Amino acid sequence: MKEKILVTGGTGYIGSHTVVELQNAGYDVVIVDNLSNSSADVVDNIEAVSGIRPAFEKIDCLDYAGLEGVFAKYQGIKAIIHFAASKAVGESVQKPLLYYRNNIGSLINLLELMPKYGVEGIVFSSSCTVYGQPDVLPVTEKAPIKKAESPYGNTKQINEEIIQDTVASGSPISAILLRYFNPIGAHPTALLGELPNGVPQNLVPYIVQTAIGIREKLSIFGNDYNTPDGTCIRDYINVVDLAKAHVVAIARILEKKQKAKVEVFNIGTGRGLSVLELVQAFEKSTGVKLNYQIAPRRAGDIEKVWADPSLANNELGWKADTPIEDTLLSAWKWQLHLREKGIQ
Ligand code: UFG
């Protein structure tokens, strides 16, 4: 029998790619999403990619009764991947209570319902933001957690602690916390990808929108950092590689292979790229020239961060192996697909 996995935020950017990889691996997926930052059409696109239509419930994870109804309807949910969250760093500074309510309330509801419905484990979508500016690079999971730069970042730290405390209290669940570095790119079919609301805040969505002419030029935020070319360095990870990390994390929980009830893994490539290097890689792989300018630094930016992913490589048997050129090309093809559909 196929094991049933609940994916919250399953119509979102990382969620939708993960649903496809779960289905490819033979899991039965139930999606819960309130569609606050995605559309129900994504369910059709998931089906177009995988050939299997996932169950879908338009429910807000803050709605305890609604969520409980999902566990009652789809008996035998074995594990959860929890993506559903508000994720705009800038907005979280303007509306902290919205972020604390959404991101923390949702997790609490899930953790309360899990033992009641015999759900064995949860994979939580965390972020390298918990490390702030690490003192040592590449950063390992043992690096200290730094004070969060934004309410959004704080919700990731608090949620990690909530999971640790819940498991320590004797809750019969286990957890894997995946700390993502910078997810980019789209599905190679160009049927799934990131659909930013309004002006993109993240680098790759801004690059592809500039390349296609929606934005006039990319502003590179600062070229006076202490890095070889002066621009910030990040660890950009392909979204399909990232999605696959969730599948191995789920298998590890269900096959009871965990070495601790709560495990933490960095999910990155281990390679840092500067903003300028990324722009050059985009131009090289797509053949499209990008209009850009150097602009002042953006408040709150970390100078440089990249992962030591060896724990995930060795323990999960997972590795991010998509070349950056392929990833950037996938982002570009997704943007061309959006244009073709008249979406953006
Ligand atoms: N950048 C530009 N121009 C842009 C957008 C971004 O130069 O128009 C630069 C940024 O300054 C940064 C790099 O591109 O150096 C990457 O920026 P992103 O916004 O794409 O990603 P961040 O590293 O800032 O964001 C990540 C995660 C968030 C997390 C945040 C914490 O995506 O979830 O780190 O700092 F909260």
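**Exercise 1. Work out which elements supply at least two residues each to the lining of the second largest cavity, and sort that lining by class.**

Step 1: β5 (121-127) and α6 each give at least two lining residues. Helices (H or I, at least four residues) and strands (E, at least two) are DSSP runs, numbered from the N terminus. By the way, this is a predicted model: local features need pLDDT of at least 70, side-chain atom pairs count only at pLDDT 80 or more, and totals for chains, interfaces and linings use all residues. Residues are numbered from 1 along each chain as its sequence is written, and side-chain values use heavy atoms, with hydrogens and water left out.

Step 2: the lining is made up of H82, F83, A84, A85, F124, S125, K156 and N159. A cavity here is a set of points, on a 1 Å grid over the protein atoms alone, where a 1.4 Å probe fits but cannot get out; lining residues have an atom within 4 Å of a point.

Step 3: sorted by class, you get four nonpolar, three polar and one charged. Ala, Val, Leu, Ile, Met, Phe, Trp, Tyr, Cys and Pro count as nonpolar, Asp, Glu, Lys and Arg as charged, and the others, Gly among them, as polar.

Step 4: the space inside is about 30 Å³. A volume is the space filled by probe spheres set on the points, with grid points joined across faces, edges and corners.

**Exercise 2. Describe the largest cavity: its space, and its lining.**

Step 1: the whole structure holds two cavities of 30 Å³ or more, and the largest has about 110 Å³ of space.

Step 2: 14 residues line it, with E194, P205, V208, A331 and W334 nearest its centre.

Step 3: α7 (203-212) and α11 (324-340) each bring at least two lining residues; α7 has the largest share, with four.

Step 4: nine of the lining residues are nonpolar, four polar and one charged.

**Exercise 3. Is S171 buried or exposed, and what does it touch?**

Step 1: find S171 in the loop between α6 (151-168) and β6 (174-180).

Step 2: S171 counts as buried because its relative accessibility is 12%. The cut-offs are under 20% relative accessible area for buried, over 50% for exposed, and partly exposed in between (1.4 Å probe, protein chains only).

Step 3: leaving out residues up to four places away in sequence, S171 touches P115 and T166. Contact means heavy atoms within 4.5 Å.

Terms used. On a 1 Å grid over the protein atoms alone, a cavity is a set of points where a 1.4 Å probe fits but cannot get out, and a pocket is an open set with protein on both sides within 12 Å along at least five of seven lines; lining residues have an atom within 4 Å of a point.
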